[in-house]
Amino acid sequence: MTRLVERDEQLSRLTALLCQATSGTGSIALIEGAAATGKTELLHSFTRSVDGACSRRADGREPDLDTSTDGTSADGASTHGRHADGGPGAGGALLRLHAICSPAERALPLGVVSQLFLAPALPTAFRDRAAELIDRLASTPDTGATERLTAQVLQGLCVELLALVNRSPALITVDDVQHADPESVLWLLWLARRIGPAPVLVVLASDIGPHPGFSAARTELLRYPHSDLIPVGRLSQRGAAELIGQRCGPSATHRLAPAFFSASGGNPLLLHALLDDWRTGRNMAGRSYRQALLTGLRRGGPAGLAVVRGLAVLSGYASEALLSRLVGVNVDVVADTVRAFEAGGLLSDGDFAHPNGRAGVLDDLPPQQRVALHRAAARLLQERGEPATAVAVHIVAGEGADGIPATRILRDAAESHLLELRFAVAVDCLEQALRSAGDGRERAAIRVRLAQVEWRSDPRAAVRHLEQLAGDARAGLLTPGDTIEVCRQLLWQGRPEEATALVERLRAAPDDDPADAGARLRAFELWLMCTHPRPARRRRPVLRGHPTGEGPADRSEPWQRFSAVLADVLIHGRYDEATERTEQLLHKASVQRGTVWTGESALLCLMPEVYADRAERAARWCEAWRRDPRTARLPMSRAELAAVSAEIAVRRGDLATATERARAALEEVSAPAWGTAAGLPLSSLILAASRTGQLPIAAEYLRVPVPASMFESRYGLHYLYARGHYHLVCDNHAAALADFFACGELMRSWALDTPGLVPWRTGAAETWLRQGNREQARRLLNEQLAWVGTDFGRVRGQALRLLAACGSERQRTDLLGDAVEILEGAGDRYELARALADLSHAYHTSGEQRRARQTARRAWHVARSCQAEPLCRELFPGMAEHEVDGPGALEDTALTFLSRAERRVARLASAGYTNRAIAEKLFITESTVEQHLTKVYRKLGVKHREDLPALLHHDIATSA
């Protein structure tokens, strides 16, 4: 039996009062405290200690009680509780009487007295006389003589009890006396006035709080000189820690005490329940906690339970006045109830100490009553002018509302939640708004928004709405803007026929739409031409005003402006102008990302930069948005950013990062949910696996099912290009040419033949070269170089590398040198490694063996940094790193001439990083990089970056 915590003072006071009673001085003690603070346990502990003391006093013998059936001696006199020597308190047994009060028995006259006086252990004669008196009162009709009879009965019961205790002391305990019936309360008052000289201790236990039936009696009881108030409060933090130590051991005390004390408020009942939950399942505030809290709250009676239920429903908006109106309880009673529950730790600062407490109270509510309370709460909060989000909570929980514009409130609340990226709550609001709306157009508009919101978490979740939305669009229930959104989702899900039909309806609509609707349609046409060209118009639509669609008073949505930028890059070829506009729009987009855009937001924002060969800038934005805490709450945005990041990594030759990010994109959102856009992450995985020699893995990604309509979209071009390179690596030249030329045919027919999208000509030319057809390869490469001009350094360098293989040996070194220089600036390390490898072969053929060896070593290290193992094996078959750098490598002593800063810059330069990339990695300026390289060239006696010894590349990971 564990010791009660922080109850020693109360037990000592009760023990002292009992000693006075056994000496002939009676008293009455009132144990008072908030509900569930351990008053009953204190009573039990006290009576157990009394039993133990009596047993010890009897020196091991049973108490001196007559065990005859009627409790009388041979001469018929009552002997119950008689002391051995016949004197009061002289070693005889203590008479113990106990009663428990309940609200259910308040209507039973003298119900508590009956528990005390009709106990089987009392003498039969005493019980008979008491029963006779109780029956007289219970059977008397309600007449004018009732008051006199009550007095007589109460007097008679007091006389009988005092006669019984005349020869032995008595301990009378009454638990929950605040629920006692009125007649028993009157009897306790009669007894209290008469026990001063009697050997009786009366111990009453009562909850504090609004108890009208007991309040007056309490006041009178406490005014007697022989009365004592014994308060029982919550446990302190130290007491809670002691109790936790008793139950769980000292090691758990420090870890559990703060959270358990906060959730329990020091209430022993709640604290024990928390410990039970923890010991059974390591749960915090689980089932036992909920049940214990409900037990304590029910101690407040029907009014108290109603108040706390209203508090659970209203949550953070529960003022006393509002609670009073909601549950129909007087505002003063509400205030008293809340204070009483706070005093006991059942509530904290007018609310629940733990969210599971509120959940437990709500779950305990009967369903019909819970619905009614939520609907009433919605009406009251709306009348008081609370925010739509606060009202909508109750409309959703109440499955509707009465007397208020529920649909409008729910839609407003959904938009507010979307600003904070609370998508699940916004979906709940929109679904209830859909059920509440009566008008067909309004229902259609809500359904569009619901599909748009669900798309941000999982595009598959929005599929359930598409059939109905397509029907709404055909029926003319949707606005042009909403119809565009439906078309977007149909195209994403691989349903181009339905989307095309809706697009034609949009075009055939009357031309009297507002200006912003017309601009939205023109922007959508541009997006179609760049992403899903099949349903797009054959002619190129141009937005009025600025080619990007943004004028002085532009009110267009972000997707419209980015669609115009995408068209500038892929259709109009305005690369420099588009990138300037993109930078401005990206800054705006970073601020506006709290709103829900039309689908593919990240793809639409960042891919224009990628296609314009601005991969480094796109990477910076991509990383900034990936680190944004808001992105963590949007699975589709995380997936899109991962896919864009993977495409950027492929174009920079960072094959390990490309694989990691593309896999993350497909883990966030599965391939089926990617729909027609699955070609983007899959292409990165296929290309990276092919270039790193992991052909079985690449083949596995090629077996992932994709919709047929993907090949009619821009994302299908990425996929075909990657698949072509896989076939090329596998020496399946016919299949490779088929994929590359399929890319070319689609891009030309769609008017998207730009090298920034996919450089299909270089892929086809490389395939022709593998087959020995130099003329066809030269023709394609010259076309490619004519397209790129001085732009697209990555594609230009790749084309020059391949063109060198088509020409004479005399031209080969110059062309490859130019390719290396361009690729160094472009930042594509994989293509740089291939160009260096070809340049090494060219040096070898021309007899420059030292330069060939140095260039090959550099190519090997650059290829290894990309994890391009096939290229490493091609350069130095079967050789380890120290063997690659050994023959002909610069001696370590030469490196001692370089300072630490110069060595770091030189190592990165030898690995193929551009000056800008080196500056970003080392957090220095490009000018500083150039100064360091000038000193490195002079100290090592080299003239060009490609002449830097490969030994510098040993510690590239540390340098980076």
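These legends accompany several close-up views of a predicted model. Residues are numbered from 1 along each chain as its sequence is written, and side-chain values use heavy atoms, with hydrogens and water left out. Because the model is predicted, local features need pLDDT of at least 70 and side-chain atom pairs count only at pLDDT 80 or more, while totals for chains, interfaces and linings use all residues.

**View 1. Helix 20 is largely enclosed by the rest of the structure.** Helix 20 covers residues 440-457; helices (H or I, at least four residues) are DSSP runs, numbered from the N terminus.

**View 2. Helix 21 has its buried residues along one face.** Helix 21 (residues 463-474) has 12 residues and reaches 17 Å from first C-alpha to last, close to the 16 Å expected. Which residues of helix 21 are buried? They are H465, L466, L469, A470, D472 and A473. Seen down the axis of helix 21, these fall within an arc of 160°, so they line one face; the arc is that of the directions from the helix axis to the C-beta atoms. An α-helix has 3.6 residues a turn, so residues three or four places apart point the same way. The cover over the buried residues of helix 21 includes helix 20, helix 22 (480-492) and helix 23 (496-508), judged by contact, meaning heavy atoms within 4.5 Å. After helix 21 comes G476, with a positive phi near 75°.

**View 3. D458 and R460 meet in a salt bridge.** A salt bridge is a side-chain nitrogen of Lys or Arg within 4 Å of a carboxyl oxygen of Asp or Glu, and the structure holds 53 of them. For D458 and R460 the N to O distance is 3.2 Å. D458 is partly exposed at 22% relative accessibility, and R460 is partly exposed at 45%.

View 4. The closest N and O atoms of R638 and E668 are 2.9 Å apart. R638 is partly exposed at 24%, as is E668 at 33%.

**View 5. R858 and E824 pair in a buried setting.** Their side chains meet in a salt bridge of 2.7 Å, N to O. The pair links R858 in helix 41 (residues 849-865) with E824 in helix 39 (residues 809-826), 34 residues apart. The relative accessible area is 1% for R858 and 7% for E824.

**View 6. F711 and Y719 form an edge-to-face pair.** Rings of Phe, Tyr and Trp (its six-membered ring) pair if their centres lie within 6.5 Å; planes under 30 degrees apart count as stacked, over 60 as edge-to-face and the rest as tilted. The structure holds 12 aromatic pairs. The ring centres of F711 and Y719 are 5.6 Å apart and their planes stand at 80°. F711 is partly exposed at 25%, whereas Y719 is buried at 2%.

Key
Helix = DSSP H or I, 4+ residues; strand = E, 2+ residues; numbered from the N terminus. Expected span 1.5 Å × (residues − 1). Buried < 20%, exposed > 50% of the residue type's maximum accessible area, 1.4 Å probe, protein only.
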